[in-house]
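Dear colleague,

Please find the structure below, handed over for your review. My notes on its contacts and backbone follow it.

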Amino acid sequence: MTIKKRVPVKVSLKTTMEQDGQHETFAFEEDGEFIVLNDKYYLRYYEHQNGQATPVQFRLDDGEVHIHRQGATETWLVFDPEQPTITRYRTEYGVMQLQVVTSRLDRVLDPDTPAGRLFLCYHLQSGGQEIGSYQIELHFTA
């Protein structure tokens with residue numbers, strides 16, 4: 001595995017969630033890094049909230065996006081607008097299987113600058129029941 005490029009970037013992230021009729025919005029401005037590894041593009045940063053730093057990694061592929069978050073809970077989500085994906089959500093109480101239904105994925109990436117933006121709309125389901133709907137707006141630039 002060879003890292004071809006590693007560049008510091010500024011990351012701006014806004015997440016909107018709707019669960020059980022409740023709306024919440026979180027916004028972050030973080031320092032991160034854009035990495036090119038084995039011809040794949042990654043964005044890594046630490047999300048700081050409530051005194052905790054949670055490592056977050058986006059893998060920005062052409063047709064899909066992967067998000068990996070590690071903290072008190074571990075999440076690995078794959079967003080594919082062509083088909084639902086299955087993931088496992090690890091909590092302190094055990095592992096839940098979730099279905100990720102991506103309704104919108106807009107990605108613009110300039111790996112040379114580097115800069116990019118991502119807009120995601122998706123739903124999470126478990127056991128045939130909808131858990132919630134979510135939007136992610138991500139911007140980054142060197």
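With which residue does Glu47 form a salt bridge, and how far apart are the closest N and O atoms? The partner of Glu47 is Arg69, and the closest N and O atoms are 2.4 Å apart; a salt bridge here is a side-chain nitrogen of Lys or Arg within 4 Å of a carboxyl oxygen of Asp or Glu.

The model is predicted, so local features need pLDDT of at least 70 and side-chain atom pairs count only at pLDDT 80 or more, while totals for chains, interfaces and linings use all residues. Residues are numbered from 1 along each chain as its sequence is written, and side-chain values use heavy atoms, with hydrogens and water left out.

Salt bridges

Glu47 lies in strand 3 (residues 40-49) and Arg69 in strand 5, so their bridge ties together parts that are 22 residues apart in sequence. Strands are DSSP runs of E with at least two residues, helices are runs of H or I with at least four, and both are numbered from the N terminus. Glu47 is buried, with a relative accessible area of 7%, whereas Arg69 counts as partly exposed at 25% relative accessibility. Buried stands for under 20% relative accessible area, exposed for over 50%, and partly exposed for values in between (1.4 Å probe, protein chains only).

The structure holds seven salt bridges. Among them is the pair of Asp31 and Lys10, whose closest N and O atoms are 2.5 Å apart. This pair links distant parts of the chain, with Asp31 in strand 2 and Lys10 in strand 1 (residues 3-19), 21 residues apart. Asp31 has 52% relative accessibility and therefore counts as exposed. Another bridge joins the side chains of Arg59 and Asp61 at 2.7 Å, N to O; Asp61 counts as buried, at 14% relative accessibility.

Glu30 is found in strand 2, and its side chain is joined to that of His48 by a polar contact of 2.9 Å. A polar contact is a pair of N or O atoms within 3.5 Å; within protein, one must be able to donate a hydrogen and the other to accept it, and residues adjacent in sequence count only if both atoms are side-chain atoms. Leaving aside neighbours within four places in sequence, the residues in contact with Glu30 (heavy atoms within 4.5 Å) include Val9, Lys10, Tyr45 and Glu47.

His66 is placed in strand 5 (residues 65-70) and counts as buried at 11% relative accessibility. The side chain of His66 makes a polar contact of 2.9 Å with the side chain of Glu64. Not counting residues up to four places away in sequence, His66 touches several residues, including Arg59, Asp61 and Trp76.

Aromatic rings

The count of aromatic pairs comes to five. Rings of Phe, Tyr and Trp (its six-membered ring) pair if their centres lie within 6.5 Å; planes under 30 degrees apart count as stacked, over 60 as edge-to-face and the rest as tilted. Phe34 and Phe140 form a stacked pair, at 5.6 Å centre to centre and 20 degrees between the planes. Phe34 lies in strand 2 (residues 22-37) and Phe140 in strand 10 (residues 129-141), so the pair ties together parts that are 106 residues apart in sequence. Both Phe34 and Phe140 are buried. The rings of Tyr122 and Tyr134 are also stacked, because their centres are 5.0 Å apart and their planes are at 20 degrees. Tyr122 and Tyr134 are both buried. Phe34, Tyr41 and Phe140 form one aromatic cluster.

Backbone

A cis peptide bond joins Thr113 and Pro114, with omega about -20 degrees; Pro114 is in the loop between strand 8 (94-110) and strand 9. Asp20, although not a glycine, has a positive phi of about 50 degrees. Asp20 lies in the loop between strand 1 and strand 2 and is exposed, with a relative accessible area of 75%. Asp39 also has a positive phi, near 60 degrees, and is placed in the loop between strand 2 and strand 3.

Yours sincerely
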